[in-house]
Structures are given as C-alpha cells and as structure tokens.
Amino acid sequence: MPLILETVVTTLSADGAMHLVPFGLIREGEDFVLAPFRPSPTITNLTERPYFCASAPSDVRVIAGVVTGRRDWPVVDCDRIPGKRLAECFGHAEFEVAGIEDDETRPRYRGRMVHAQSHVPFIGYNRAQGAVIEAAILSTRLHMLEPDKILTEMAYHAIAIQKTAGPAEREAWDWIEDKVAAALGRSERVLKA
C-alpha cells in the first residue's frame, strides 16, 4: 500500500488564475504522484504550467471549505516555482512535473520536489480534525459510494466531533454535513445538536 499524504494542492493557469483543491499525493520513491480525474482544472493547469504546490493546512476548515466550494483562502507566492501556497500551513512542498502517465480517466503527474519548508511545528491533529479530513474525503466520493456507507462512516466520525471538536472543527463539519445532506436529499443531520 503506498503512502498517501492528504494535502491542499495549488496550480496556476497560463494566465495566472489559481486552482486550489485537496489532493492525496501518492509517494513513489523520491517523487509524489498527483492523479486527478478528468475533467479537471488541475489537468488543464498542469498542461499549461507543469508545476504544483502541496500545503499541509494548519486549519482543517481549509480542506472542508475547498470540498464544499469555499476556495477563497489566503495564499502567498511559492519560493522556487511559479505558483502559490497556503499562507497558513504547517509546511509546503513545491514540485515540477517530471513525467506524465496519460490515462483517459485519471492521468498521473509525477512531481519532483524542488523545495520544501516547514512553517510552524506540527505536533499532530486531534481526533476531530482527523474526522473532518475523513468526512471531507467521503464528501468527494458521493457519486461513487452507496448512501448507507457514507452515512455509516459519517456517524462514526461524528463521535470524534462530539468528543474533541472546537469551534473550527464544528464549523468545518457543518459545511460537510450540508453538502452530504444536499447530495443525498436529507434534512436530518448525522451529528445531532
């Protein structure tokens, strides 16, 4: 099983428009693979500018926000590539595309790291932060998973939210709950108030 790091990836179009999206980067040797599904602004951007940046957000609302359409998060310029990174993150890594394995459904972009930097110490996520990340991933698979599976997993993750969430994690959870409820045509929430 490969190591997959949950990050927020930024790419730029030819005219400099930024696209920000959560991505699991797949470690392969010294490189990391980005494998977006078609169609994707990420694919278009990597074709126009073969660089990407991966940030480890210090606030899980960024991951929950991006998967629920909230893409306006502060960014700053990258150090070594033409790109942007999250302004508030534990750290980031900058990549240039070193190879492409084309595929009709999900091409694979092999990223060679050209720079990495830590910004604040990372001690670890609490259970609620981990639950938000897992629920965010689930919310991107609504078209692929059965509703019962989604709701069962959401109910399990809600336990961690109830026990260890602060205001930021609760807000992030609510965004994901709203997305899942709308997709499944539900009015009832998984996490009871």
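Six aromatic pairs are counted in this predicted model, where rings of Phe, Tyr and Trp (its six-membered ring) pair if their centres lie within 6.5 Å. One of these pairs joins F32 and F95, whose ring centres are 5.8 Å apart with 70° between the planes. The F32–F95 pair is edge-to-face, the class for planes over 60 degrees apart, whereas planes under 30 degrees apart count as stacked and the rest as tilted. F32 belongs to strand β3 (residues 31–34) and F95 to strand β7 (residues 89–101), so that the pair links distant parts of the chain, 63 residues apart. Helices (H or I, at least four residues) and strands (E, at least two) are DSSP runs numbered from the N terminus.

The model is predicted, with pLDDT of at least 70 needed for local features and 80 or more for side-chain atom pairs, while totals for chains, interfaces and linings use all residues. Residues are numbered from 1 along each chain as its sequence is written, and side-chain values use heavy atoms, with hydrogens and water left out.

In an unreviewed UniProt entry, the annotation "domain: DUF447" covers residues 6–119 and 126–177; such annotations may be inferred rather than shown by experiment. Residues 6–119 are 13% helix and 52% strand, with end C-alpha atoms 17 Å apart. Residues 126–177 are 81% helix and 0% strand, and here the end C-alpha atoms lie 19 Å apart.

Helix α3 (residues 127–139) packs against α5 at an angle of about 20°, with the axes 10 Å apart; axes are lines fitted to C-alpha atoms over the stretch in contact, and angles run from 0 to 180 degrees between N-to-C directions. Helix α3 is therefore roughly parallel to α5, the term for angles under 35 degrees, with those over 145 counted as roughly antiparallel. On the α3 side, A128, Q129, A131, V132, A135, A136 and S139 meet E169, A172, W173, I176, K179 and V180 of α5, contact meaning heavy atoms within 4.5 Å. By class, this α3–α5 contact has nine nonpolar, two polar and two charged residues.

Helix α4 (residues 147–164) packs against α5 (residues 167–184) at about 165°, with an axis separation of 12 Å. Helix α4 is therefore roughly antiparallel to α5. The α4 residues in contact are P147, I150, L151, M154, H157, A158, I161 and Q162, and those of α5 are R170, W173, I176, E177, V180 and L184. Ten nonpolar, two polar and two charged residues make up the α4–α5 contact.

Methods
Parallel < 35°, antiparallel > 145°, perpendicular 65-115°, else oblique. Nonpolar A, V, L, I, M, F, W, Y, C, P; charged D, E, K, R; others polar.
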